[in-house]
Amino acid sequence: MASVTLKDIAKECGISFSAVSKALKDSPEIGEKTIKLVKETAERLGYHPNAAARTLRTKRSYDIGVIFEDITGSGLQHQYFARIFDAINVAANNAGYNITFLNFNKKSRTYLAQAENRNCDGVIIASAQFERPDIQALLASNIPICALDYNDGGKHSTVLSDHTEGIRQLTEFAISQGHKNLAYIHGEPTNITQKRIDTFLSITAKHGIQIPERNIREGKYHDPASSAIETEIILDQPDSPTCIFYPDDFAALGGIRILSALGITPGRDISIAGYDGIFLSSLLTPPLTTYEQNAKQIGQNLVALLLEHIENSGTFRPVTISVSGKFIQGKSIAKI
């Protein structure tokens, strides 16, 4: 029995060969209904890409490298990044690509050497110290790259999570509930961190609220222990804040633990806010006020933009996409 081809799918769906090819790669040029129709038809007809033949024909490996430098030590248990990688994996697999995590340590080869050795068609940089020489060497190479939350000046495409909007909505909501004495525990110093701090201070200043320097505390992302320490320091102040912002939902657990030990109830005796919108935040008592980053859309866009670069290198033009999330009111910020 002859194998099913893209032409067979195109005929069945009543659309062009090109549209089928793009739909199977989740191209943003194709509508969601068409993508769904094509994928369902491909599955029904039993379509399976011939990887070996395709590799010989296109001179590609159909392997995408992924860089994830985990500074928190949580690995793929980090719920925000785990959702991104799940979306990356699904989108890549649907387009006939595999993903391979590239590793960094003093004994390993550089990312560029690894990507070349594995013959990666492209690389997604999800988290890294972008200013480091080895990352810059990779960015300067001819390997197609799409980065998360980093714009290298226009050579590669970028997907940005709208951190400005996230912090803006959280801060505006806290102020609307009467809070003027605010504290912000942020993560490690990065461009994203600075963007969040600048937005927080800009919004508070707009409302005539001056934030004391002592109320801007440095913790760590995805680290309850550092948030617990900083929460104790904040609460020990003579005029302690009525609302505390945490680096992310998971880090907020450390602050909640300290508050519980002191008999202080979030949403009643003090207000708190998280970030990321992980599922766990909705199970807390009270549910955490947070901002849910659209991890699925971020992952899908990273793959779509990278594949556009890989498969249309001659006409490729870098694209920057900003992905908005969703404010989740929860009940951890009380009206005063």
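**Note on the cores and the parallel sheet**

1. In this predicted model, the largest nonpolar core has 27 residues. Ile-84, Tyr-97, Ile-124, Ile-298 and Leu-302 touch the most other members. A nonpolar core here is a set of buried Ala, Val, Leu, Ile, Met, Phe, Trp, Tyr and Cys residues joined through side-chain atoms within 4.5 Å; buried means under 20% relative accessible area, with a 1.4 Å probe and protein chains only.

2. Two or more residues of this core come from each of β1 (63-68), α5 (79-94), β3 (122-127), β4 (145-148) and α13 (295-311). Helix α13 gives the largest share, 8 residues. Helices (H or I, at least four residues) and strands (E, at least two) are DSSP runs, numbered from the N terminus.

3. Another core lies apart from it, with 19 residues, among them Ile-167, Ile-216, Tyr-291 and Ile-333.

4. An open sheet of 4 strands runs in the order β7-β6-β8-β9, with parallel pairing (at least two DSSP bridges between two strands). Its edge strands, β7 (216-218) and β9 (271-273), each pair on one side only. The twist averages 20 degrees from one strand to the next; axes are lines fitted to C-alpha atoms, for helices over the stretch in contact, and angles run from 0 to 180 degrees between N-to-C directions.

5. Strand β8 (residues 243-245) pairs with β9 over 3 bridges. Phe-245 has Ala-273 of β9 as its bridge partner.

6. Residues are numbered from 1 along each chain as its sequence is written. Local features need pLDDT of at least 70, side-chain atom pairs count only at pLDDT 80 or more, totals for chains, interfaces and linings use all residues, and side-chain values use heavy atoms, leaving out hydrogens and water.

Technical notes:
Buried means under 20% relative accessible area, exposed over 50%, partly exposed in between (1.4 Å probe, protein chains only).
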